[in-house]
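User: I would like to go through the core and the aromatic rings of this structure. Please give the cut-off behind each label.

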Amino acid sequence: MPTASRLTRIGVFYDGNYFLHVSNYYNYSHERRSRISISGLHAFIRRQVAEEEGVNERLCQIVDAHYFRGRLNAHEANQRGNQLFYDRLFDDILMSEGVVTHYLPVKTYQGYRQEKGIDVWLALEAFELAQYKKFDVVVLITSDGDYVPLIRKLNTLGSRIMVLSWDFEFLNEQGEKQVTRTSQDLLEEVSYPVGMHGLIDDRSRRNDMVIQNLFVKQQTRPTFTTVPANGSSYSNGNSFGGLSAADAYEEAYLPSDEPNYNLADGIDDPDGRKISTIRSLKTGYGFVNYPPNNLFFHYTSLIDTDFNELQVDDEVEFTVGRNAEGKDIAIDVRLLHP
């Protein structure tokens, strides 16, 4: 345990795909209807570490933070509307918060997009940096039991381990209920397990500013002009539409930016794109009017469109694809503005 006057050094390591998955859940399926704020999460970590370690919060500092995730290559991202722009914007936000990014290309294996090697890379970097920088506390943002060997190794270095995890249920792109749960083996190994879902939903802490600041404040979504032909720069009168860098990411990062790892690219429709209207909207998914049956669509299938902005009877353009069971669904859904 650190003395009262010594700095408590914190290292933070993000399983990036898990973090984005959690953030999308709160933005589209939870009553909060807002993304997780990176800056707010870091403030929460400092306070939580101070409470667990019994030290002054001002002496708890995040001295290193790293974000690991698979990412589409430039060619694939270019086929997804403004994906390249939002990837760059997210990098700017992480950089503004002092988070170092680590990316590996997402590859397709037998028709499924998969991340390969990210968990190994995170474990190797975390262990090496903990040796070199002597973290007092290592914070892992993950739910994966594959990190148990890493935790045991970090314990031999004298680092205490905190895991931030979320448990929740949601509907996937096929309309099936999926459950996100944290590995019990993982929780049993760590010094400080923190169930974030319980803290966030605790009614007695609704007025706790640290909990409130975990979520991005709702602001007007920025709009962006097209990059000039000479390639000089983009502009909307402000670098991020008048928002701070962090808020710009959280507000502009669209649902289509979460890669759909469960399906490969949609089946091409020989008749081209379809146009219809939204029949109904649920939590994170909806249905499009399309005879003979209505087509299911998931928020991860939206292009340049925020699910929370959609309304019943909105006109949308989409492609007819198929889910893993061979049923028709709407993919690459785009809102048509009047």
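Analyst: A nonpolar core is a set of buried Ala, Val, Leu, Ile, Met, Phe, Trp, Tyr and Cys residues joined through side-chain atoms within 4.5 Å. Buried means under 20% relative accessible area, exposed over 50%, and partly exposed in between (1.4 Å probe, protein chains only). The model is predicted: local features need pLDDT of at least 70 and side-chain atom pairs count only at pLDDT 80 or more, while totals for chains, interfaces and linings use all residues. Residues are numbered from 1 along each chain as its sequence is written, and side-chain values use heavy atoms, with hydrogens and water left out.

User: Which residues touch the most other members of the largest nonpolar core?

Analyst: Leu41, Phe44, Leu164 and Trp166 do, in a core of 44 residues. Another core, of 20 residues, lies apart from it and includes Phe68 and Leu129.

User: Why is the pair of tyrosine 67 and tyrosine 103 called edge-to-face?

Analyst: Rings of Phe, Tyr and Trp (its six-membered ring) pair if their centres lie within 6.5 Å; planes under 30 degrees apart count as stacked, over 60 as edge-to-face and the rest as tilted. Here the centres are 6.5 Å apart and the planes at 70°, so the pair is edge-to-face.

User: Why is tyrosine 67 called buried?

Analyst: Its relative accessible area is 1%, so tyrosine 67 is buried.

User: What makes phenylalanine 287 partly exposed, and why does phenylalanine 296 count as buried?

Analyst: Phenylalanine 287 has a relative accessible area of 25%, so it is partly exposed. Phenylalanine 296 is at 8%, so it counts as buried.
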